[in-house]
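Here are my notes on the model, as numbered points. Please read them with the structure open.

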Amino acid sequence: MNAPVSKKLFIRTYGCQMNVYDSERMSEALTGAGYEAVDTPEDADLVLLNTCHIREKAAEKVYSELGRIRKMADEKAERGGQMRVGVTGCVAQAEGEEIVRRQPLVDLVVGPQAYHRLPAMLDALESGKGAQVVTDFPAEDKFDALPPRIRRASPSAFLSVQEGCDKFCAFCVVPYTRGAEFSRPVEKVLAEARRLAASGVREVTLLGQNVNAYHGEGEGGTWSLARLIRAVAQVEGIDRIRYTTSHPNDMDDDLIAAHADTDELMPYLHLPVQSGSDRVLKAMNRKHTAESYVRLIDRIRETRPDMAMSGDFIVGFPGETEADFEETLALIDAVRYSQAFSFKYSPRPGTPASTAEQVPEPVKEERLSRLQDRLRVHQVRFQDSCLGRVMPILFEKTGREPGQLIGRSPYLQPVHAYAPDTALRQIIPVRIDASFPNSLSGTLIEDIS
Ligand code: SAH
Ligand code: SF4
Ligand code: F3S
């Protein structure tokens, strides 16, 4: 590909943080291949939809979006231009060729492990070859090259350290779309962390579908996530570290200890449980019980008393009874989540639970709304418990009101405060004066102008 020609690239991202990270890295890789990123698809030369397959709705969105893109591509063709369209991510992996059959507009289908092939696939298109579909799982690191050292807009960035999953929960497509567990080598992670720090990043969120199962090759052998976190904490300029998503069974003692001995590690943990009923957990193939999960959280809070917990829940998994569901509500009361994500079970093709007898939709609806009411009670309580506290806030961007900035608390809450622009990218103590269900607002306690 001829680098100096600037073509316009638009990427739309669906799904989890891993997709957000992948989109950023694809954009960087394609920038090196002569593309520049734009904010709207209308006039783009290349449109990529980086897709999610986790629930039916998420996957269907892709086809309706492709319908809209088709109109834009036709309009562009009338003006004498050409729009290439690619589907990347987990729908690409799950449906492969089928996507081109359903929507012939699509020129490229690329699974999440094959992004480094994109420039070559685009070259093949340019030379007149037909639609390109790559969904294999190559052994090489898809993002081997380091991102360019440009100043990043936000002081907070994602850094992918682990990908794939070997757990095969009965409801989940991830082991099929992302493949087997793979950990990036320690040196690659640290090099990327240094690079991010040099581009103005102060907070990194280490990403993985099962991030706490990290076991990357490093000096002296295999490193755990705890050891990796302590090494990232030594990177000059990195002041905050988070990690997501974790599985309860991979939460080892050293990782719990890191929450007490590593100041950079933030007191917030996303630890999905899915259900509070052992019967349902067993049918889900989760390999933990409600009690072992609650005990684990007790141990975490003995080590780090202010740990804010987050989680994921599924209601209406096949076979879930009212009594099972009530056990989930009881678990929520025991854990007191600061926030959480909850979903109605969505049968996914190829997963074991999809063929079981389904819970009726109205029952799922009703349970989801009761579950969310219960989660909200604890979330609001947690938000209110922050009133009057002084917290270090990392300011990330300007707010809607003039003079207002938005940052994040250690517990990941968005915090609004009036502050000069010089506070951007700084970690500054803020006294919390008001709490809302999804954010806080406060006042700087030091004059920094
Ligand atoms: N790796 C993480 C999360 C992966 S997917 C983990 O171990 O939990 C993110 C969340 O989507 C899951 O935690 C689950 O709550 C939800 N989810 C996954 N498959 C689903 C399905 N078929 N229907 C509804 N929710 C689902
Ligand atoms: Fe999916 Fe379970 Fe793996 Fe999480 S642990 S990605 S829910 S299979
Ligand atoms: Fe969706 Fe794939 Fe992430 S299915 S949640 S984009 S791993």
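1. Strand terms come first. Two strands pair if DSSP finds at least two bridges between them. Strands (E, at least two residues) and helices (H or I, at least four residues) are DSSP runs, numbered from the N terminus. With that in hand, look at Gly86: its bridge partner in E5 is Leu108.

2. Conventions. This is a predicted model, in which local features need pLDDT of at least 70, side-chain atom pairs count only at pLDDT 80 or more, and totals for chains, interfaces and linings use all residues. Residues are numbered from 1 along each chain as its sequence is written, chains are lettered from A and ligands numbered from 1 in the order in which they are written, and side-chain values use heavy atoms, leaving out hydrogens and water.

3. Domains. The bounds come from an automatic or database domain assignment. The assignment for the protein chain lists domain 1 (7-134), domain 2 (148-266), domain 3 (273-385) and domain 4 (390-444).

4. The six-stranded sheet. This sheet is open and its pairing is parallel, in the order E2-E1-E3-E4-E5-E6. Its edge strands, E2 (35-37) and E6 (132-134), each pair on one side only. From one strand to the next the twist averages 20 degrees. Angles run from 0 to 180 degrees between N-to-C directions, with axes as lines fitted to C-alpha atoms, for helices over the stretch in contact.

5. Within that sheet, three bridges hold E4 (residues 84-89) and E5 (residues 108-110) in the parallel sense. Helix H5 (residues 118-126) lies across E1 (7-13), E2, E3 (46-51), E4, E5 and E6. H5 runs at about 160 degrees to E5. Contact here means heavy atoms within 4.5 Å.

6. The three-stranded sheet. E14-E15-E16 is the order in this open, parallel sheet. E14 (268-270) and E16 (339-344) are the edge strands, each pairing on one side only. Neighbouring strands are turned by 10 degrees against each other on average, direction ignored. E14 runs parallel to E15 (residues 308-315) and is joined to E15 by three bridges. Opposite Leu269 stands Met309 in E15.

7. Antiparallel pairs. E17 (residues 390-398) and E20 (residues 427-435) are antiparallel, with five bridges. Met391 has Val430 in E20 as its bridge partner. E20 also pairs with E21 (residues 440-444), antiparallel and again over five bridges. Ile432 is bridged to Gly442 in E21. The E20-E21 link is a hairpin of four residues.

8. How much area do domain 3 and domain 4 bury between them? The figure is about 620 Å², with 42% of it on carbon and sulfur atoms. Buried area is the accessible area (1.4 Å probe) that two parts lose on being put together, summed over both. Six residues of domain 3 are in contact with eight of domain 4. The C-alpha centres of these two domains are 31 Å apart.

9. A residue is near a molecule if one of its heavy atoms lies within 4 Å of it. Ala, Val, Leu, Ile, Met, Phe, Trp, Tyr, Cys and Pro count as nonpolar, Asp, Glu, Lys and Arg as charged, and the others, Gly among them, as polar.

10. Ligand 3. Around it are Cys16, Asn19, Thr51, Cys52, His53, Ile54, Cys90, Arg178 and Gln209. This shell divides into four nonpolar, four polar and one charged.
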